[in-house]
Amino acid sequence: MIWVKWVKGCLSSARASVLLNGSATKEFSLSKGVRQGDPLSPFLFIIAMEGLNVAVKSACQKSLFYGIKIPKDGPSISYLFYADDAIFVGDWSSTNFCNIARILRCFWKPIHHLAKKSLTGVWSEISQVVNILESEGINFNSVFGVKIMAGSNTLFWLEDWEGGGSFDSRFPSLSILDKKKSCFVSERILPNEFKWAWKRNPSSDQELADINSLSGLISNVVTSHGLDRWISLLSGDGVFHVRELRCLLDSKITSPMVNPTVWFHIPPLKVICFVWRACIDRIPTVMALSKRGVRVGTNSCHLCSSGVDDTDHLFTGCSFAGDIWKWLCHWCDIPFRSFNNVSSLVEFAANWGHCPKKKRIFLVIVYGFLWCIWKARNEKVFRSTCANAPKVVDNILALVFDWVKHKGKFNNCNWYVWVCNPFDIL
Ligand SMILES: [Zn+2]
């Protein structure tokens with residue numbers, strides 16, 4: 001016992017602090033678990049796991065659990081314990097599974113008081129997401145409701161089955177009067193009447209008003225047969241579809257995209273993703289990085305030196321990119337026009353022209369243009385290679401030709417035809 005007290009003393013006297021931006025916060029004492037890297041942790045693990053070790057070993061000896069036999073007279077492996085992990089290895093059989101479940105149940109019961117009582121693993125993440133949603137104004141609970149059938153497995157006061165919170169939280173003065181607060185819906189709502197069981201009859205004005213509102217709320221509830229079940233309130237049929245929840249989240253959290261991303265197979269996926277990110281201003285330009293507190297030298301444009309290195313300037317405001325765009329318009333034989341941002345350029349390209357094939361080629365050219373400007377900018381930034389407009393134009397022509405030839409399925413993919421006018425390959 002004295003030894004247990006020692007361990008308890010070590011744990012309860014431990015204090016910890018958190019490194020925040022490199023400096024330690026005030027010390028605080030721990031009420032749960034052990035500190036990261038606490039030397040006591042492996043000993044406690046071994047002590048707890050020793051019990052499990054003995055149980056599994058004896059189950060193996062008594063042929064209640066079959067491990068995997070290593071060939072050529074090798075050992076039989078049934079479990080591996082390492083650091084804070086436990087892995088059971090065994091025959092794929094229901095007896096094996098039932099027996100290991102029994103052992104774990106016996107093991108868990110005595111130690112679950114010691115274990116952290118807080119949520120861990122995936123549930124803690126789920127509960128965090130629910131909290132985040134709540135802070136964004138989405139009440140996750142309001143997405144689901146209870147469909148009362150017989151009312152025999154839903155608690156009348158304690159569960160939120162009618163929507164708007166449990167009756168216990170909405171009518172506390174009444175719930176406290178009920179002889180059985182943990183009663184089921186079926187015990188209070190009968191086919192033609194309500195069956196109350198008060199400790200004393202509601203008499204105060206508040207209680208009488210409450211009973212009126214409560215009766216109003218449940219007057220339309222009709223019980224039938226079968227178990228009550230959870231349903232999704234987002235769909236008409238009560239079946240939960242991820243798509244509907246996704247739409248709800250999009251409508252509340254995601255800012256609506258003016259023009260949806262064009263997903264097509266001719267340019268490589270990385271280019272499509274890049275254009276999508278450029279459209280929503282999510283590429284690592286100097287300005288974008290400095291907004292996030294990352295300082296990376298000068299913020300002036302690397303291609304023309306007269307603007308700033310941000311997404312809008314780089315692709316639509318920069319004179320270097322502008323010259324290339326002018327040349328591309330000339331090549332495609334379309335009137336030159338300028339844009340204020342990447343998304344309006346992509347939107348223009350996606351809606352340009354009437355012929356679907358021509359439209360597709362033009363869009364690929366715009367994707368190639370954006371990609372090659374970004375590459376030229378990066379070459380300048382990281383390799384100090386001087387940006388050369390004719391070279392970038394050559395790159396765009398060659399790269400887009402390559403994409404169109406290999407993925408586009410156009411009949412007349414001839415380089416000489418292509419360089420004269422891209423639409424002549426149709
Ligand atoms: Zn520029």
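Me: How many helices and how many strands are there in the protein?
Reply: This is a predicted model, in which local features need pLDDT of at least 70, side-chain atom pairs count only at pLDDT 80 or more, and totals for chains, interfaces and linings use all residues. Residues are numbered from 1 along each chain as its sequence is written. The protein has 17 helices and 10 strands.

Me: What is the radius of gyration of the protein, against the value that the globule rule gives?
Reply: The radius is taken over C-alpha atoms, and the globule rule is 2.2 Å times the number of residues to the power 0.38. For 426 residues the rule gives 22 Å, and the protein is well over that, so it is more spread out than a compact globule. Its radius of gyration is 34 Å.

Me: What does the C-alpha trace of the protein span along its principal axes, and what share of the residues is buried?
Reply: The C-alpha trace spans about 90 × 70 × 55 Å along the principal axes. A residue is buried if 20 or more other C-beta atoms lie within 10 Å of its own, exposed if 12 or fewer, and partly exposed in between, with C-beta atoms placed from the backbone. Of the 426 residues, the buried share is 18%.

Me: What percentage of the contacts with a separation of 6 or more joins residues 24 or more positions apart?
Reply: Two residues are in contact if their C-beta atoms, placed from the backbone, lie within 7 Å. Among contacts in the protein with a separation of 6 or more, the part from residues 24 or more positions apart is 54%.

Me: Is A321 buried or exposed, and which residues does it touch beyond four places in sequence?
Reply: A321 lies in helix α13. A321 has 27 C-beta neighbours inside 10 Å and counts as buried. Not counting residues up to four places away in sequence, A321 touches L303, L314, F315 and I373.

Me: How many residues are in the other core?
Reply: This core lies apart from the one that holds A321. I148, F171, V185 and L214 are among its residues, and its size is 10 residues.

Me: At what angle do the axes of α10 and α15 cross, and how do the residues of their contact divide by class?
Reply: Axes are lines fitted to C-alpha atoms, for helices over the stretch in contact, and angles run from 0 to 180 degrees between N-to-C directions. The two axes come within 10 Å and cross at roughly 80 degrees, and α10 and α15 are therefore roughly perpendicular (65 to 115 degrees; under 35 is roughly parallel, over 145 roughly antiparallel, the rest oblique). V271, F274, V275 and A278 of α10 meet Y367, L370, W371 and W374 of α15. With Ala, Val, Leu, Ile, Met, Phe, Trp, Tyr, Cys and Pro as nonpolar, Asp, Glu, Lys and Arg as charged, and the others, Gly among them, as polar, the contact has 8 nonpolar, no polar and no charged residues.

Me: How do α10 and α14 pack, and which classes of residue make the contact?
Reply: The angle is about 125 degrees and the axes are 8 Å apart, which makes α10 oblique to α14. V275, A278 and C279 of α10 and V342, S343 and V346 of α14 make the contact. By class these are 5 nonpolar, 1 polar and no charged.

Me: Where does S63 lie, and what is its phi?
Reply: S63 is in the loop between α2 (40-61) and β5 (68-69). S63 is exposed, with 9 other C-beta atoms within 10 Å. Its phi is positive in a residue other than glycine, near 60 degrees.

Me: What is the phi of K72?
Reply: K72 is in the loop between β5 and β6 (76-77) and counts as exposed, with 4 C-beta neighbours inside 10 Å. Although K72 is not a glycine, its phi is positive, about 55 degrees.

Me: Which residues is L11 in contact with beyond four places in sequence?
Reply: L11 lies in helix α1 (residues 2-13) and counts as partly exposed, with 16 C-beta neighbours inside 10 Å. Leaving aside neighbours within four places in sequence, L11 is in contact with V34 and L40.

Technical notes
Helices (H or I, at least four residues) and strands (E, at least two) are DSSP runs, numbered from the N terminus. A nonpolar core is a set of buried Ala, Val, Leu, Ile, Met, Phe, Trp, Tyr and Cys residues joined through C-beta atoms within 7 Å.
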